[in-house]
Amino acid sequence: MILSVNNISKSFHEVPVLKDVSFHIEDYEKAAIVGINGAGKTTLLRIIMGELASDEGLVTFAKDKTVGYLSQQEAVSGENTIYQELLSVKQDILDMEQQMHTVELQMKTAKGERLSQLMDRYASLTHAYETANGYAYKSELVGVLKGLGFSQDDFGKSVSTLSGGQKTRVALGKLLLLKPNLIILDEPTNHLDLASIAWLETYLLNYKGAVIVVSHDRYFLDRIVTKVIELDNAKSTVFSGNYSAYAASREMLRAAAYIAYMKQQQEIKHQEAVIEKLKSFNREKSIKRAESREKMLDKIEALEKPVEVRADMHLKLEPKFQSGNDVLQVEGLSKSFGPLSLFDGLSFELKKGEHVAVIGDNGTGKTTILKIINELLPPDSGTIRLGSNVSIGYYDQEHHVLHPEKTLFQEISDDYPHLNNTEIRNTLAAFLFTGDDVFKVIKSLSGGERGRLSLAKLMLSEANFLILDEPTNHLDIMSKEILEDALNAYTGTVLYVSHDRYFINRTAHRILNLNRRTLINYLGNYDYYLEKKDGQLSILDAANGSFACRTEHTGQQTGDSSTAGRADDSSAAKQDWKAMKEQQAAARKRENDLKKCESEIEALEARGGEIEALMASPEVCTNVAKLQELNKEKEEIDQKLADLMEKWELLSE
């Protein structure tokens with residue numbers, strides 16, 4: 001065991017944040033601490049690290065074990081370059097290199113016993129250097145930097161010129177290179193793109209030490225952890241398994257606790273009714289029996305009613321009116337900032353009801369695409385066309401749609417003047433802003449609170465086309481799940497940018513990957529994208545001529561077979577691409593046929609209703625010839641409807 005946490009309690013202003021929290025971490029174990037915002041996760045980490053004193057309890061580390069901690073605000077400073085900053089972690093190896101060099105110089109002139117001593121010293125240093133992985137430390141350092149999203153050109157940049165997120169990534173890199181026995185990470189994926197998160201997952205999975213991580217990235221937790229410590233209502237519960245196993249177990253426990261609570265409440269009500277009945281008899285024996293039951297009832301330890309976390313947060317997204325089938329068409333879109341070209345000739349379209357995620361590395365231009373569609377940025381070239389009756393609702397990750405100087409109440413009332421005071425308060429209460437919270441100034445809100453306020457405005461917009469930029473940023477896991485459920489029930493069209501792979505998996509019908517200045521389309525969720533991405537990138541490389549490099553040794557067997565192999569790969573990739581395009585075309589045709597079939601059914605049912613009304617009218621019901629004519633038409637309609645229903649069933653399958 002590397003860490004033991006026993007009965008930790010902590011209160012702020014007499015409000016308990018942690019109460020009798022206990023768990024332990026074994027050597028090489030990977031564990032997560034989860035809970036809603038404000039549950040006390042960061043407080044617990046600070047107590048473990050000794051940065052904050054607990055009111056009660058004890059934290060114990062195993063002897064001779066090293067611990068590394070990366071907080072959410074952790075960053076580096078100074079004038080070092082990025083490479084120098086990480087190199088400072090390897091100072092012991094650098095010192096050994098210097099000592100080895102010094103000994104090498106001394107051995108050139110030494111003789112006899114002195115030379116023998118120097119050779120022994122050199123052998124000892126060489127062994128220590130090899131043990132410390134001295135011969136590979138440079139490649140290890142470069143691997144960590146590239147894994148965290150820094151290019152070779154970034155290595156020489158001064159730390160002082162970096163953004164806050166980049167400084168945090170440098171701090172994470174230093175911690176990983178230190179290789180402590182226990183790594184404690186607080187939201188490590190916040191400033192990483194998808195490729196860097198995937199790299200960090202692999203690194204931590206293979207890490208020869210224990211890991212404690214606080215994260216709202218459920219996909220990350222699913223891959224990394226084998227234990228989950230939940231903080232809920234100041235108490236802790238330990239679950240075995242990854243996040244998905246924890247979520248399933250949590251729901252089972254909550255359901256069991258609720259059933260137990262309801263059974264106890266039924267029993268209490270039953271006993272109270274019996275007691276009241278016995279007393280109503282007004283006889284000595286019945287009164288004594290009633291008193292005996294009352295004593296037994298008083299001894300019952302009442303169970304607390306299980307409170308579903310975030311049960312009081314309500315998010316329902318529903319369009320005020322439906323859009324046309326063609327929602328958005330983008331053709332030939334290009335955008336550059338100075339010499340930096342983000343993308344060129346992008347074309348894609350969205351149909352009614354589609355939920356499409358745009359993914360890609362940081363800095364590729366995902367948010368720029370959304371801003372161009374919202375007319376917040378002009379394109380360099382290209383056209384954007386919205387379909388008929390399209391109404392856009394925009395969620396901005398930087399919350400520029402909010403006015404910092406306004407109060408929450410003013411923000412809603414100014415944008416939606418038709419709402420009365422009660423309706424505004426009810427809306428804000430649905431997003432956990434109650435009482436005097438509604439008079440807070442927006443600039444004083446946390447990131448999570450601004451996110452909830454933006455979601456409230458999005459709900460009120462009643463738009464039929466939602467454009468969302470990183471909607472899950474700053475939301476805790478429970479709030480993310482509420483947003484996911486709302487989007488899955490939403491009948492309009494959604495286009496969003498997100499790094500949250502779990503969120504993408506649950507809500508996306510289609511993925512557009514912005515890679516190498518173009519968009520690659522995947523007709524499925526994130527798991528489907530992972531399955532197909534290598535093949536699609538191969539196709540893109542083939543189209544761009546990446547496979548044009550040929551071996552110079554044309555006469556050698558290996559060169560010929562290698563070229564043939566690449567040609568086969570390219571041919572197979574092109575066939576996959578063609579098959580996928582055919583599949584997409586077939587899916588669109590099936591969707592159009594289904595809608596056409598539904599329209600025909602509606603028209604025939606309407607005509608059938610008209611015929612029934614005519615046949616019942618006084619002027620027709622006595623006209624035998626007219627009745628026969630209408631009856632014949634009704635029979636034909638019924639037959640057509642039967643055929644169309646069968647066709648609809650086949651298409652819908």
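Helices are DSSP runs of H or I at least four residues long, numbered from the N terminus. The model described here is predicted. In that scheme, helix 11 covers residues 366-373. Just after helix 11, Glu375 takes a positive phi of about 65 degrees. Most residues other than glycine have a negative phi. The buried positions are Lys366, Thr368, Ile369, Leu370, Ile372 and Ile373.

Two further non-glycine residues with positive phi were examined. Asn7 has a phi of about 55 degrees. Asn7 lies in strand 1. With a relative accessible area of 43%, Asn7 is partly exposed. Leu432 has a positive phi of about 70 degrees and is likewise not a glycine. Leu432 sits in the loop between helix 13 (421-429) and helix 14 (447-461). The relative accessible area of Leu432 is 18%. The cut-off for burial is under 20%, and Leu432 therefore counts as buried.

Strand 1 spans residues 3-12 and pairs with strand 4 (residues 56-61). The two strands run antiparallel and are joined by 5 bridges. Within this pairing, Ser9 stands opposite Glu56 of strand 4. Strand 1 is also joined to strand 2 (residues 15-25), by 7 bridges. This pairing is antiparallel too. Ser11 has Pro16 of strand 2 as its bridge partner. Strand 1 and strand 2 form a hairpin, with 2 residues between them. In the turn, His13 has a positive phi of about 55 degrees.

An open sheet is built from 6 strands in the order 5-6-7-3-8-9. Its pairing is mixed. Strand 5 (67-70) and strand 9 (235-240) stand at the edges. Each has a single partner strand, so one side of each is left without a neighbour in the sheet. Neighbouring strands of this sheet are turned against each other by 15 degrees on average, direction ignored. Inside the strand order, strand 3 (residues 30-34) and strand 7 (residues 210-214) run parallel. They are joined by 4 bridges. Ala32 stands opposite Val213 in strand 7.

Another open sheet also consists of 6 strands, here in the order 14-15-16-12-17-18. The pairing is again mixed. The edges are formed by strand 14 (392-395) and strand 18 (518-522), each of which pairs on one side only. From one strand to the next, the twist averages 15 degrees. Strand 17 (residues 510-515) pairs with strand 18 in the antiparallel sense. This pairing extends over 5 bridges. Leu512 stands opposite Asn521 of strand 18.

Helix packing was examined for one pair. Two packed helices are described by the angle between their axes and the distance between the axes. The axes of helix 3 (residues 91-109) and helix 4 (residues 112-131) come within 10 Å and cross at roughly 155 degrees. Helix 3 is therefore roughly antiparallel to helix 4, because angles over 145 degrees fall in that class. The crossing of helix 3 past helix 4 is left-handed.

Helix 15 has 13 residues, 477-489. At 1.5 Å a residue, helix 15 should span 18 Å. The end C-alpha atoms of helix 15 are 19 Å apart, which agrees. The N-terminal end of helix 15 is capped by Asp476. A side-chain oxygen of Asp476 lies 3.2 Å from the backbone nitrogen of Met478. Among the buried residues are Ile477, Met478, Ile482, Leu483 and Leu487. The buried set also includes Ser479, Lys480, Glu481 and Glu484.

Asp500 lies in the loop between strand 16 (493-497) and helix 16 (501-507). The relative accessibility of Asp500 is 5%, so Asp500 counts as buried. Asp500 and His216 are 284 residues apart in sequence. In space, the C-alpha atoms of Asp500 and His216 are 9.0 Å apart.

Methods:
Residues are numbered from 1 along each chain as its sequence is written. This is a predicted model: local features need pLDDT of at least 70, side-chain atom pairs count only at pLDDT 80 or more; totals for chains, interfaces and linings use all residues. Side-chain values use heavy atoms; hydrogens and water are left out. Two strands pair if DSSP finds at least two bridges between them. The expected span of a helix is 1.5 Å times one less than its number of residues. Buried means under 20% relative accessible area, exposed over 50%, partly exposed in between (1.4 Å probe, protein chains only). A polar contact is a pair of N or O atoms within 3.5 Å; within protein, one must be able to donate a hydrogen and the other to accept it, and residues adjacent in sequence count only if both atoms are side-chain atoms. Axes are lines fitted to C-alpha atoms, for helices over the stretch in contact, and angles run from 0 to 180 degrees between N-to-C directions. Angles under 35 degrees count as roughly parallel, over 145 as roughly antiparallel, 65 to 115 as roughly perpendicular and the rest as oblique. A crossing is left-handed if the near helix is turned anticlockwise from the far one by less than a right angle, and right-handed if clockwise.
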